[in-house]
Amino acid sequence: MDLPMVFRDELPCAVIFKDFPEGRGVAVAKDVKRGDVLLQVPLDRCWTAERSRRALSARAACPAADVASIQSILTEKQSIIAHLILANCDGKDDLEAGHLALLPSLESMNLPISWTDSELEELEGSEVHTHVMRLKEELPEEFQELQTKLREELCINLLLEFEQFLWAWSIYSSRVMSLTTESGGSIFAIVPGLDMFNHSPGMPTGLFELAKDHVIVKAGEDLMAGEQAYINYADMYNSQMILSFGFLLDERTVQSSEITLSLQVSKAQLEVHRRILDATAASRHNPLVQILHVPEASDTELIVKHAFTLQDPLPLAFLSMVRIQHLQLGEQAHPASSAAAVELALRGLPSKDELHALFLISALLESKLQQLQASAQQGETSHSLARKQNRSEQQVLQASLEEARRLQLATIRTGLKSFSSKKGYSEGEWSKTPWLPRLRAASSELHAKVSSVARLSKSMLKFLPAPHLLQACHLVNLWMVGRHEEPPTTVSTVVPTVLHRFLLAEDTWPFETEAKNEVEGRAGSDGRLLATESARDGGTSPCSEGLVKDVSSTDPSGSPSGHGKMNFEDLSNPLLSLYDEKMSLWGSWLCAQWLHCEAVQLEDWSSMGEEQVKIRNEYSWSVPTEEALRLLALHQPLVELGAGAGYWASLLKQLPVDILAWTFWPLTRNTFDLHSTNVPTFLKAKKSASSTFVKFFQEVLR
């Protein structure tokens, strides 16, 4: 493609403009080495505010409209946009016309600002959508302001359409570059030729610069003739690129989502926020952080936009700013207290406060993710880039949520390590209940902090998988009976130590173990202690590999050899579901108490124990888990003597397992929970008196 006049004459130019699959770009006309000059453009041929003011002054009918007065009337951006509009309307200047002919139309620029509302639907929930909708409100006002200034103050009478303004605004927004002058200042310019280079994050920054009165562009890599030359516009992510340039990249390194924090801050908090932003290198050169508003005078609102990426799913600046809002600071900043607050914000708060901050972050992330998921389902006519950005943001937010959850579990694990502390341990008089004095001493403090405990408990119940909460119940029980100090040993997959029988969730297990991940769930005759992970994750039935992993007795599907496949997915086990639900509630409550005071209310612990027994005895003497059912299934055919209401046998029948159930008859209230008035029957078992069982045993043992 022939170069326009702006690139001719004696200027060094080793490029041609060429159409590539991704659009028009710049190719090298000959082989070049990295660092070779590709293009050199005089500054006076660029679209700068100074050149634009001269052009507007020449066009103005008002005698007083000289360059200096125009500078006081129009901003740098307004001057360049007005110049673009006038030049595009006139088309008289050969230099301008040559470059204008290369510029894209509004439609081909593909910026979100030109999309219809229906095309934008799938971006709802994204900061990109928020920004675009704000621009759609602001740009008509900016157009009217510019038109008024041109007509009334510069006497430039030109009938302009909003579409013309929007085109010039889009050209400026997508092609303007910041150039550093010799004095260290900066100017904005649209550089003909430089604006044709496509972006690649793999290229080094600084490939173009202002050297005296010329803009020089250099090669970022060795290239052969005809190959495309790229530059790096700036360090930025997809959420910024789609707004400014109308394209997205597939590289994982540029996938991003943004959240704007709007915080009401005291003077003391603002000082800590300033230090944090400085410590995390937050500035206009940091693409992860954009400071939108800093409070002044009586204003108390601090607004900062944060970018989340797959490489940094939970940026330290964002996490620290949320932590600061959970610090108890006075109205005025003190240097010593500010320094201590900065340290806490960067390294982490006490467990209960850290969890409050992390749960708030999870709530923000989940809300944003749900908005994007909802808009993805509704945006049937959305733009293809909107769909792509939606999927990209969901992926980033999922990674951010996972990181927040990881930090939550690590914080709980750290907070629960105090179970091994001897603080408040009393022997002698209290040898049988050594923790009683400690619990009594903490009771009043727990009563005073009940609101904070309740908030933390509610958040734990909402955001944590149930195994962690059930495990908390077990830890309290272990601590109460003094079994929490058992030394760690190598855990056997067949005969685990007593302590490790209660390990349900490794990430919040406060004791060290040499066999990490060996024990994922435990089963035994006392079902109140043992329940499995997937059931507590929201499923209707438990699912685990089981306590005994005997390859010789099970097929790959987990079914006993010689028998049909066991169907645990459709297994209805309401007693286990009830147990998980109730113990999760207690686990969140007792864990929240412990993280506040390293103690629990004695009456709450007693109430939990009563409810455990009540649930366990609701239909049978223990709660069936999948591990227990699998273990029984390995030994089928089975005979159950004393099947009671047939709850266990009914579950085994559903799998199916070959079982014959016998029960005492008639069933009485004393057979099960003393508080029950009616005993439900789950299986039609063979009914016999105790004498019949004796005869049956005699027959079997012969």
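Two strands pair if DSSP finds at least two bridges between them. Keep that in mind for the first exercise. The model is predicted.

**Exercise 1. In what order do the three strands of the open sheet lie, and which are the edge strands?**

Step 1. Read the order: the three strands run 4-6-5, and the pairing is antiparallel.

Step 2. Find the edges. Strand 4 (47–48) and strand 5 (177–180) each pair on one side only, which makes them the edge strands.

Step 3. Check one pairing. Strand 4 and strand 6 (residues 186–190) are joined over two bridges in the antiparallel sense. T48 has A189 in strand 6 as its bridge partner.

**Exercise 2. Is E119 buried, partly exposed or exposed? Place its surroundings too.**

Step 1. Locate the residue: E119 sits in helix 6 (residues 117–120).

Step 2. Apply the cut-offs. Buried means under 20% relative accessible area, and exposed means over 50%. E119 has 25% relative accessibility, so it counts as partly exposed.

Step 3. Look beyond its neighbours within four places in sequence. There E119 contacts T381, S382, H383 and A386. E119 and T381 are 262 residues apart in sequence, yet their C-alpha atoms are 5.9 Å apart.

Step 4. Look at the side chain. One of its polar atoms lies 2.9 Å from the backbone nitrogen of T116.

**Exercise 3. What lines the second largest pocket?**

Step 1. Start with the volume, about 790 Å³.

Step 2. Take the lining: 27 residues, with E22, R24, N198, F245 and F247 nearest the centre.

Step 3. Sort the lining residues: 16 are nonpolar, seven polar and four charged.

Step 4. Trace contributors. Strand 2 (23–28), helix 5 (106–109), helix 8 (162–175) and strand 7 (198–199) each give at least two lining residues.

Definitions and conventions. Residues are numbered from 1 along each chain as its sequence is written. This is a predicted model: local features need pLDDT of at least 70, side-chain atom pairs count only at pLDDT 80 or more; totals for chains, interfaces and linings use all residues. Side-chain values use heavy atoms; hydrogens and water are left out. On a 1 Å grid over the protein atoms alone, a cavity is a set of points where a 1.4 Å probe fits but cannot get out, and a pocket is an open set with protein on both sides within 12 Å along at least five of seven lines; lining residues have an atom within 4 Å of a point. Grid points are joined across faces, edges and corners, and a volume is the space filled by probe spheres set on the points. Helices (H or I, at least four residues) and strands (E, at least two) are DSSP runs, numbered from the N terminus. Ala, Val, Leu, Ile, Met, Phe, Trp, Tyr, Cys and Pro count as nonpolar, Asp, Glu, Lys and Arg as charged, and the others, Gly among them, as polar. Buried means under 20% relative accessible area, exposed over 50%, partly exposed in between (1.4 Å probe, protein chains only). Contact means heavy atoms within 4.5 Å. A polar contact is a pair of N or O atoms within 3.5 Å; within protein, one must be able to donate a hydrogen and the other to accept it, and residues adjacent in sequence count only if both atoms are side-chain atoms.
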